[in-house]
Amino acid sequence: MNQKFDVTGMTCASCSANVEKTLSKLEGVNSVNVNLLSNSVTVDYDSDVMDNAKIIKTIEDAGYGASEVVKDNKQAKKAEDNTSLIDNEIKDLKIRVIVSFIFLIPLMYVSMGEMFNMPFPSWLSGTENALSFAFTQLLLTIPVVYVNITYYKVGFKTLFHRTPNMDSLIALGSGAALVYGIFAIYRIGYGLGHNELAIVDQYAGDLYFEAVAMILALITLGKLLETRAKGKTSEAISKLMDLAPKTASVIRDGQEIEIPIEEVEIDEVIIVRPGQSVPVDGVIIEGSSSVDQSALTGESIPVEKHEGDTVISATINKTGSFKFKAKKVGDDTTLSQIIQLVEDASSSKAPIAKMADKVSAIFVPVVLVIAVLATIVWLLMGQSFEFAMSIGIAILVIACPCALGLATPVAIMVGTGRGASNGILIKSAQALETLHEVESVVLDKTGTITEGKPVVTDIITSDSINERDLLHIAAAIEGPSEHPLAEAIVQKAKEEGLSFKEAEDFNAIPGRGIIAVVDDEEYIAGNLALMEEEDIDVGSLKDKSDEFATEGKTPLYFADGYKVLGIIAVADVVKPTSRKAIENFKKMGIDVTMLTGDNEKTAEAIRKQLDIDKVISEVLPQDKEEEIRKIQESGKKVAMIGDGINDAPALARADVGIAIGAGTDIAIESADIVLMKSDLLDAVTAIQLSHATIKNIKQNLFWAFFYNSLGIPLAAGIFYTSLGWKLNPMFGAAAMSLSSVFVVTNALRLKLFNPEY
């Protein structure tokens, strides 16, 4: 069973690592996937051994809050819940920041005003008023501590469970300063009571209340900026959710009524008027229109739709009205599947992220040890307790690995969101990471490199007939046939505006062609073998026929009872962007191989036309997987690009399977990445996006980890004896918060990603 849980109290990578580690130990748990970005965990477990209540209790025992996520079919409700969750978090953080700064500003004035010769109340000034001076600071600090009490609750709870996290560092650092300040108040009281003014002056100058309030205020401000930025990373999902109309106009009992989209049932007839969004997936049964699919597929030009064509939920009807029958509703619609894919990819974990989790799980306990050791060392070196304690606090505060935990998930979220807006659906973070390592691309021919359906490419006539008349006769003969080549000829005639009669005495000869009667005259259509059987001399057209065959086209001869009339060549033509895509693969240093079931001659023609490195022809669908395996055994990472129908085993075998097409169910199941448009250039875009995302993640990890690592020696006072450098805990808090904001902002740069062709 696969169940998702919301988790509260997770603030950094060590938190997510702790939750994952704790749950993984449970009997019956197969896998655990923690998403720090959405504060959730997905657990795959054996329901005979484990249940949701035990999992929730385990998470709570580890020091965090947990609740079960209940699935429903209301996509709009999910969007609202998602938005309100982020909005509530931002609202709470705003209140905390405002309250913190309301008390921090007068606190800073009281603690430092006299030092900067600012006007200062007499009842707070001087040794005799030291107790009022210290106690006022405590009173101004308490509200800041109270509104940010969550750091202490979570921090100490996780510390007691021996799974310290970022909050543990904040709680220990600021808590130590607070306790020391209270201790100082008692020492000031003692000094005044016993007339030992040296003690009073010493402790009045080392209170650290302003450091406590400043640390909490700055970290909370950093979290507010970070949460706002994190909200922006999920804009792609929010925008997709907002596309779905809230109602649908359906025909029930002969009446048109408007109902909520959740109530639409399969096979109901729905009316869509100009300007309206298509509410669910279905098939047009009446009318025609042009439909804007750009939001889902990235196609800039509206697509013409007629009876029998499929329409997709959330696409926009531009011109005519039409009726369609609902085929997929609720969570089964294409839009819902896209949203689910993007969410799954965002919550999945790339191998590079697991490394960050392992580092941070060790990092926090190590930091605690360093802070304690540094404090002891400075005390042993003869420094004051106040000096040594400020060193310990600075280490605890600047070392918080918050940025480390955000480095990967925010980049993955923005990257997958950017892909979705380009019609590229990335199913997992692992696929996104693996894609940048691909050294060999294997392409299916039909439907991937080519259009996937035959079209008429050439019409050659004898002297006795013109092109238009030949096409008229050919369409009449081929009309009753269901062969794809026949359909191409009929379609060409329709495009030319020709009307044609239906053939009589239609006789299909398997593997040869057709003999039929049109206007009381017998005609023959087929290959050279049929012409020879019927004693038709094809003459010079034979050379032209051979030329077409070398170009990968299928030549069809047409003759009356006595002589040849001409040849119509039909081929599955190469898509306009395929050549450009293959050129770009090569520019990136990727080997290109084409797999096809076609004969060697046709395959070679396509290879020459597109300058493909290698072609393997006459391959059966079940053998494609074996070819992928051979390339992998040579030590290369392979991406397979196919239509997802007969390529399923090969897509599954490849290091990254890319399904090209309109996102069919089989493609979604078998591939790691789904391209909504039938455009090979989108595969190039996906690889470039992978490179950009991984580069961004590496930048984030470098900044987060090395920044913390470099900050610790400075905070520990390594440079104090030689250069006099010492890090104030307040500046440590500001620097730690800024590192998180920087990481999230850097990840947001991926929104500006544009492919380079």
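This short talk covers aromatic pairs and salt bridges in the structure above.

Ground rules. This is a predicted model, where local features need pLDDT of at least 70, side-chain atom pairs count only at pLDDT 80 or more, and totals for chains, interfaces and linings use all residues. Residues are numbered from 1 along each chain as its sequence is written, and side-chain values use heavy atoms, with hydrogens and water left out.

Rings to begin. Phe, Tyr and Trp rings (for Trp, the six-membered one) pair if their centres lie within 6.5 Å; planes under 30 degrees apart are stacked, over 60 edge-to-face, the rest tilted. There are 5 aromatic pairs in the structure. One of them is Tyr152 with Phe156, stacked, at 6.4 Å centre to centre and 25° between the planes. Both residues lie in helix 5, residues 150–160, and sit 4 residues apart, about one turn of the helix. Helices here are DSSP runs (H or I, at least four residues), strands likewise (E, at least two), numbered from the N terminus.

Tyr152 is buried, because its relative accessibility is 10%. Phe156 is at 27%, so it counts as partly exposed. Ring pairs also join Tyr152, Phe156 and Phe160 into a cluster.

The charged end of Arg96 sits over the ring of Tyr151, 5.2 Å from its centre. The rule: NZ of Lys or CZ of Arg within 6 Å of the ring centre and within 35 degrees of the ring normal.

Now salt bridges. Side chains of opposite charge can pair when their charged atoms come close. The cut-off is a side-chain nitrogen of Lys or Arg within 4 Å of a carboxyl oxygen of Asp or Glu. The count comes to 25 salt bridges.

Take Asp458 and Lys553. Their closest N and O atoms are 2.8 Å apart. This pair links distant parts of the chain, 95 residues apart: Asp458 is in strand 16 (455–461), Lys553 in the loop between helix 21 (541–550) and strand 20 (554–560). Asp458 is partly exposed at 21%. Lys553 is buried at 19%.

Next, Arg653 and Glu625 meet in a salt bridge at 3.1 Å, N to O. Arg653 is in helix 25 (648–653) and Glu625 in helix 24 (621–633), 28 residues apart. Glu625 is buried at 17%, while Arg653 is partly exposed at 32%.

Conventions
Buried < 20%, exposed > 50% of the residue type's maximum accessible area, 1.4 Å probe, protein only.
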